[in-house]
Amino acid sequence: MSDTATTTKKDWTSDQEVRWCPGCGDYSILTAMQLLMPEIGTRREDTVFISGIGCAARFPYYMNTYGMHSIHGRSPAIATGLAMARPDLDVWVVGGDGDMLSIGGNHLIHALRRNVNLTILLFNNQIYGLTKGQYSPTSEVGKVTNSTPMGSLDTPFNPVSVALGVEATFVARTHDMDRAHMQEMFRRAHDHNGAAIVEVYQNCNVFNDGAFASITKKDARADMLIELTNGEPVRFGPEGERGVMLDNGIARIVEVDDVGVDALIVHNEAAPDSSVAFALSRLAGDRESPTPVGVFRALDSIDYGAAVNAQLAAAQTEGGGDLHGLLHSLPTWEVS
Amino acid sequence: MTNTDERLAEIREVDRIIVRFAGDSGDGMQLTGDRFTSASALSGNDLATLPEFPAEIRAPAGTLAGVSAFQVHISDHDIHTHGDAPNVLVAMNPAAMKSDLPKLESGGTVIVNTDAFEERNLTKAAYDSNPLEDGTLDGYSVITAPMTALTKEVCKDLGVKPRDAERSKNFFALGLVSWLYTRPTEPTMHWIREKFAGKDLVIAANEAAFKAGHAFGETAELSASRLAVRPAELPAGTYTNINGNTALSWGLIAASQKAGVPIFLGSYPITPASDILHELAKHKNFGVRTLQAEDEIAAIGSALGAAYGGHLGVTTTSGPGVALKGETMGLAVSLELPLVIVDVQRGGPSTGLPTKTEAADLMMARYGRHGEAPLPIVSANSPSDCFRAAFEAVRIALRYRTPVILLSDGYLANGTEPWRLPDVDSLPDISVDFAAGPNALNEDGEHVFWPYIRNEDLARSWAIPGTDDIMHRIGGIEKEDGTGNISYDPENHGAMVDIREERIQKIAESYPSLEVVGVPDADVLLVGWGSTWGAITGAVGRLQRAGRSVGHVHLRNLYPFPNDLGEILKNREHVIVPEMNLGQLTALLRAEYLVDATVISKVTGQPFTAGELVTQIEEIVG
Ligand code: SF4
């Protein structure tokens with residue numbers, strides 16, 4: 001069956017037994033994806049999931065599409081080759097914070113700045129799960145783990161800030177507690193031309209349980225999640241009573257009554273300059289502060305595979321290569 | 001000394017000459033040598049070249065570290081190396097004289113730019129006194145010319161600034177040497193006009209300098225006689241002068257055309273392999289996609305991703321890059337996807353000698369991955385042979401669905417030789433099929449696709465995304481043969497290790513028989529691989545002319561070894577393996593065949609010469 005109009009969740013579900021720990025946030029992400037795919041309008045046969053190593057990297061086995069479970073950190077590089085060679089495919093990259101920001105950080109930033117046509121899902125659980133709980137490049141300072149008995153010392157990455165800093169043209173954040181929001185972010189990322197990255201706050205209930213609970217649990221969301229809506233002032237709170245304004249280039253949370261609605265940032269995801277989006281991304285400093293979710297940036301631009309293929313087409317306007325001609329392209333002489 | 005008229009008449013024919021151009025890296029020696037080579041190629045000589053340049057882009061001017069040289073061996077017969085000792089040294093400055101005079105044959109000719117032999121340059125070259133005056137050159141034929149001054153002089157009326165005119169002095173040297181060796185001048189003049197098109201002053205200066213050098217030979221009183229080398233008697237055909245990196249690039253393109261699979265090259269710049277990236281990037285009209293990746297790992301990763309998508313994935317690098325690609329090669333072994341990894345070997349370890357040649361990556365190619373991760377190894381023998389070697393690597397990769405390592409080296413990469421162009425229609429068809437549908441029945445009797453079902457070559461099918469009815473997942477985790485499902489079963493892992501080895505061993509069934517040249521059943525057998533081919537071939541010729549009975553077998557396929565190699569090694573008094581490492585092939589042969597092989601090592605960053613091989617072989621054989 002290859003007609004997308006008739007697929008259901010079952011069609012997108014592989015026959016492999018899912019092997020994440022019971023209660024892991026990865027389950028809800030997988031379900032969101034399997035439910036979303038029938039609606040998205042691509043063929044399973046044209047869909048490829050590429051992953052590296054880690055808990056999140058098991059994802060491709062569970063999708064009834066093409067898939068490659070590759071090696072630690074390298075999925076953006078492998079996917080880059082596939083997307084350049086085969087612009088007809090719908091290529092997704094799935095990985096965790098260790099996979100994509102530590103061992104594979106270099107590949108991630110280059111795939112983003114090249115604007116390769118990839119939809120990248122970064123499951124951020126702020127811990128190493130598969131290797132049993134060491135701190136990760138997104139763990140908060142002072143994290144006590146087996147490898148950091150006196151607390152970690154390194155400053156964590158803020159993945160959205162990293163992505164905006166390396167010229168990503170689509171950057172969003174969502175979390176594993178809200179299926180509809182995840183699906184909306186995945187859909188928007190998929191529809192974007194070029195590299196799209198979605199950071200998914202994902203709960204690892206075994207090694208880092210509740211890492212995001214203070215902002216993602218239902219009764220906290222109104223106060224703690226700042227929903228970004230394009231073209232709208234950035235405000236949140238049960239009554240929309242709080243908002244975000246720029247103060248000397250720095251995003252500050254303010255009471256709307258104190259400053260007036262006109263003082264708030266009006267979110268523009270298509271702004272060519274990413275400075276305001278970057279300022280907003282800095283609000284996710286710790287778990288006690290309100291954190292923006294939604295699309296930070298969505299800038300229309302030509303994707304890398306299309307640009308590569310345009311060069312190929314231009315080189316072939318006179319027809320394809322002639323092998324005999326190539327071999328005779330340097331000065332030649334005859335011996336008789 | 002002869003007078004002008006007599007001298008003009010006196011052209012002596014020789015069967016070969018070896019000229020070495022040496023100067024500061026800013027002096028344009030590579031360009032000069034290359035032009036002299038091209039003019040010789042067009043006159044039908046056989047030739048071989050050895051360019052040598054410093055690792056620094058601009059080493060301090062005038063110093064020994066900054067010496068750049070180009071040696072060319074031209075001949076009226078079939079030759080295989082850049083030659084032993086040069087007959088002629090062109091020394092553009094004292095540093096070049098200091099570093100390269102010891103290489104010159106005794107009694108050879110030295111051509112000197114006297115203007116460069118002033119106090120400051122002599123000091124930089126660590127000369128206490130001027131070698132032009134202190135007897136250093138006694139016993140050599142010396143031709144001196146104030147090249148800088150004469151070049152400036154002829155450029156004066158052209159409106160060229162003296163500083164710019166000075167840059168043309170290499171063309172003066174080229175003109176002089178072209179006169180001395182009766183090379184045709186028109187191809188060089190033509191080349192100057194093309195190369196510097198749009199820069200009229202540069203054309204004028206270079207042409208004037210070239211003509212002045214030529215005229216200097218005609219009018220100055222020179223002690224050396226003019227020499228001519230007749231065209232070589234080569235097999236009939238169309239020839240071009242080619243270096244290894246270009247031939248390798250063309251071999252990949254030819255194979256891609258004959259396979260009907262477009263090339264995807266993922267590469268990271270590295271000496272001496274970068275020119276393959278440059279060459280392939282030029283040929284997008286053949287459907288070649290190139291990615292200058294962020295690092296060596298991404299270079300091979302992207303190539304593997306493209307291979308998964310049905311393209312001919314290629315990555316090109318040198319030893320340090322291969323070290324970084326090891327893990328991805330292991331993944332390719334596990335995924336059983338075609339991939340070509342080109343290693344243009346250079347001096348190691350670490351940064352080592354980036355611009356010098358060495359062939360010490362054989363063990364890394366053979367064993368340099370964790371786990372039992374066998375993959376085939378193909379190597380090139382000469383610059384033009386890089387074309388065939390590349391074609392063979394692609395053939396194996398596509399047919400057997402495996403990563404293949406193709407070994408070249410710095411000497412092959414930059415060295416040139418005349419190449420009789422193959423008829424493109426004579427190249428074999430190496431096209432492959434992609435999986436098109438289900439290939440198995442599951443327990444419920446449904447038609448399904450299992451990625452690890454194998455054909456008679458033990459190769460699995462190349463199943464690419466976008467194809468209906470064969471969706472599947474693959475990965476680096478051990479899998480069950482057939483279904484491809486993840487499997488941690490001990491028995492299955494053992495079986496998969498065996499299958500992966502066996503399927504590589506099967507490749508040897510597709511090789512042509514080995515050829516032993518020289519005396520096939522001689523007591524003394526030379527076994528070679530890679531760029532030692534030229535020097536070994538030369539040495540075998542000399543030994544035979546001296547009445548010695550020797551055979552030579554050269555290995556294209558280094559893993560798996562050819563099935564007939566064991567028989568060939570048997571019952572020899574001496575099996576001798578010249579290699580540019582401490583004995584890596586030697587060790588593999590000893591391990592595989594229990595043969596008492598002896599290595600002749602050279603690990604100096606320089607290729608073997610036939611002469612030194614003859615000496616060492618005679619020492620071993622006694
Ligand atoms: S270790 Fe954590 S992230 Fe990994 S599967 Fe278990 S709960 Fe999920």
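1. The side chains of Glu392(B) and Arg395(B) are joined by a polar contact of 2.9 Å. A polar contact here is a pair of N or O atoms within 3.5 Å; within protein, one must be able to donate a hydrogen and the other to accept it, and residues adjacent in sequence count only if both atoms are side-chain atoms. A second polar contact, of 3.3 Å, links the side chain of Glu392(B) to that of Asn557(B).

2. This is a predicted model, in which local features need pLDDT of at least 70 and side-chain atom pairs count only at pLDDT 80 or more, while totals for chains, interfaces and linings use all residues. Residues are numbered from 1 along each chain as its sequence is written, chains are lettered from A in the order in which they are written, and side-chain values use heavy atoms, with hydrogens and water left out.

3. Glu392(B) lies in helix H15 (residues 385-400) of chain B; helices (H or I, at least four residues) and strands (E, at least two) are DSSP runs, numbered from the N terminus. Glu392(B) has a relative accessible area of 13% and is therefore buried, the term meaning under 20% relative accessible area (1.4 Å probe, protein chains only). Leaving aside residues up to four places away in sequence, Glu392(B) touches Val378(B), Tyr511(B), Arg556(B) and Asn557(B).

4. Between the chains, 63 residues of chain A are in contact (heavy atoms within 4.5 Å) with 68 residues of chain B. The two chains bury about 5,300 Å² between them, 64% of it on carbon and sulfur atoms; buried area is the accessible area (1.4 Å probe) that two parts lose on being put together, summed over both. In chain A, the residues that lose the most area to chain B are Tyr66(A), Leu327(A) and Trp333(A), together 17% of what that side buries.

5. The rule finds 2 salt bridges across this interface, a salt bridge being a side-chain nitrogen of Lys or Arg within 4 Å of a carboxyl oxygen of Asp or Glu. Arg43(A) forms a salt bridge with Asp468(B), where the closest N and O atoms are 3.0 Å apart.

6. Strand S2 (66-69) of chain A is joined by 3 bridges to strand S19 (residues 473-475) of chain B, and the two run parallel. Within S19(B), Arg473(B) is the bridge partner of Gly67(A).

Terms used: Pairing = 2+ DSSP bridges. Buried < 20%, exposed > 50% of the residue type's maximum accessible area, 1.4 Å probe, protein only.
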